[in-house]
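Subject: Handing over the model, with notes

Dear colleague,

I am passing on the structure below, followed by my notes on what was found in it. Please read the notes with the coordinates open beside them.

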Amino acid sequence: MDAGVSSIEAALAAHAASERPPIRTRFASEEDRMATLRLKLAGIRFDWSRLDIDTQALALLGRLADARGLAGARERLAAGGLVNTSEHRAATHMAERGSGNAALVAEAAAGDAALVALATQLRGGAMRHVLHIGIGGSALGPALLLDALARDGDGPAVEVVSNIDGEALSRAMARCDPATTLIVVVSKTFTTAETLTNAASAVAWLEAAGVADARARCVAVTAAPDKARAWGAGHVLGFAETVGGRYSLWSAVGLPFVLRAGPDAWAALKAGAAMMDAHFLGSEWTANAPVLAAMADVWAARFCGQATRGVFAYDERLRLLPAFLQQLEMESNGKRVTAEGVAVDRPTAPVTWGGTGTDAQHAVFQLLHQGTVIGPVELLAVRTPGHALDPAHHRQLLANCLAQGAALLAGRSMEEALALAGGDAALAAARTFPGNRPSSTILLDRLDPHTLGALLAFYEHRTFAAAVLMGINPFDQWGVELGKELADRVMDGTLGDLDPSTAALFEEALSEQAGPD
Ligand SMILES: O=P(O)(O)OC[C@H]1O[C@](O)(CO)[C@@H](O)[C@@H]1O
């Protein structure tokens, strides 16, 4: 490792281990804290001031960004240079929304024109339902877009099916009429077992309902068009091999969203993302939202040893965001070797988890306030509601969002708890809150395609910047391979020297003799 990097990392580790004043007191002791740790852009307010980060850590992280070559990495990403070293390729999701390398942008725009033309034609046709079949990045992004922005769309209703469990497809098919259902098979590789199995069953369902040449009714979205054609898809929309699965919602993978919400919403989504791209590419570290967030993430996980990151959306429309972020962050940065293949000597990505507020307050927030696992909590809210019910709903929702961050920070002292507990020391101990627990807040002016596009691009760049700060490659995912290989072996019963537990479970669950006792 570069000597500069290791000495900066050592300084960060020493600072993290030092006695640091409580977060709350830093509002007074750090004159510029509010100005430094709050930003507003693209209709989004970011507030990192309640995080356990200070000016000294930020200065060191800025030096780390320089020593790790973040500026060059950022340029390489935008230019379509080599950023995915283990797979020897670029990562061109930014081109899909018109940012970066002009030749790549032109190529992506041609693909987008084909997508919009097909979507426009289909929106005017007879199909009333869409079965979107895909998994991982071929499902999570589109599902989030549809749920957040297009529940009342004027196009066909979309069911997103990902799980190999036939229960998922059966339930979705039960909500569709085969006579008016379009199947969209989304798979970058067009080899994913879950997707191909689900697609075959969906085709069989159309055939059973009397649809002649059912595959001709299917649209395939893929970076492997030859495979999709060989499968028999009636329409094939392609996208570049260099668009990673979890970064692919901007490509033709977004088709079902365009079908449901229309081309204008799609264009606005991309414009919002492009605005965030320009901000990421053009801003100094100290005013760069994705970079500041990445610095805070790396500080918490890598130097303060905080192994979790909670994300709570105080908006029902964003309920699928934590699942989307789990893939984006953990599949990208859950790595144990550097981009050069050397074992890392400090933690990489924390466990991303989360849910919706206020539900989560009544389920998991106990641990956040009084448990022994401490990690940053990100609270998201939208200033304007998406419903027309009594404004009291939204006021309570926002108040809860703000109050949780305040409670995590303030805590409740033993003295206060003793007074509340009438002097009962044991009860007072149970009612004491240590406080000083870190949280950040992201407040959207409104939830529309433009703002969500900017927010999702923010998360992508944040993940990328964190990877660069840690010296890892965020664009591969070799960790998913072994399980897939072994699943094939277990399917075939060729267990070989697998462990005795697997062998016993195979006999009980999958062998010919297996069945209810
Ligand atoms: O789009 P595909 O090729 O079917 O892959 C689906 C998902 O599977 C993964 O490769 C992991 O198994 C993800 O990275 C990807 O988003």
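Is Ala-42 buried or exposed? Ala-42 is buried, because 22 other C-beta atoms lie within 10 Å, where a residue is called buried if 20 or more other C-beta atoms lie within 10 Å of its own, exposed if 12 or fewer, and partly exposed in between, with C-beta atoms placed from the backbone.

Two remarks on conventions come before the rest. This is a predicted model, in which local features need pLDDT of at least 70 and side-chain atom pairs count only at pLDDT 80 or more, while totals for chains, interfaces and linings use all residues. Residues are numbered from 1 along each chain as its sequence is written.

Ala-42 is placed in the loop between S1 and S2, where strands (E, at least two residues) and helices (H or I, at least four) are DSSP runs numbered from the N terminus. Strand S1 (residues 38-41) and strand S2 (residues 44-47) pair in the antiparallel sense over four bridges, pairing being assigned if DSSP finds at least two bridges between two strands. Within this pair, Arg-38 stands opposite Asp-47 in S2, and the two strands form a hairpin with two residues between them. Phe-190 is found in the loop between strand S5 (181-186) and helix H9 (193-208), and it counts as buried because it has 24 C-beta neighbours inside 10 Å. A cis peptide bond, with omega of about 10 degrees, joins Gly-357 and Thr-358, and Thr-358 sits in the loop between S9 and H15.

Annotated positions

For "active site", an unreviewed UniProt entry lists Glu-331, His-362 and Lys-484; its positions are given in the numbering used here, feature names are shortened, and annotations may be inferred rather than shown by experiment. These residues span 154 residues in sequence, and the farthest two C-alpha atoms are 36.6 Å apart, so they do not all gather at one spot. His-362 is in the loop between strand S9 (351-356) and helix H15 (365-370), and this residue is exposed, because 9 other C-beta atoms lie within 10 Å. Lys-484 lies in helix H20 (residues 481-492), and with 11 C-beta neighbours inside 10 Å it also counts as exposed. Phe-365, which is found in helix H15, is by contrast buried, with 21 other C-beta atoms within 10 Å. Phe-365 and Gln-404 are 39 residues apart in sequence and 8.9 Å apart in space, C-alpha to C-alpha.

The ligand shell

The ligand is surrounded by 14 residues, of which the closest are Gly-136, Gly-137, Ser-187, Thr-192 and Gly-245; a residue is taken as near a molecule if its C-beta atom, placed from the backbone, lies within 6 Å of it. By class, this shell has two nonpolar, nine polar and three charged residues, with Ala, Val, Leu, Ile, Met, Phe, Trp, Tyr, Cys and Pro counted as nonpolar, Asp, Glu, Lys and Arg as charged, and the others, Gly among them, as polar.

The parallel sheet

An open sheet of five strands has the order S4-S3-S5-S6-S7, with parallel pairing. Its edge strands, each pairing on one side only, are strand S4 (157-161) and strand S7 (235-238). Strand S3 (residues 129-133) runs parallel to S4 and is joined to it by five bridges, and His-129 stands opposite Ala-157 in S4.

The protein chain is divided into domain 1 (3-83 + 270-470), domain 2 (101-261) and domain 3 (478-509), with bounds that come from an automatic or database domain assignment. The centres of domain 2 and domain 3, taken over C-alpha atoms, are separated by 31 Å. Ala-421 lies in the loop between helix H17 (414-420) and helix H18 (425-430), and is partly exposed, with 17 other C-beta atoms within 10 Å. Ala-421 and Val-219 are 202 residues apart along the chain, and their C-alpha atoms are separated by 64 Å.

With best regards
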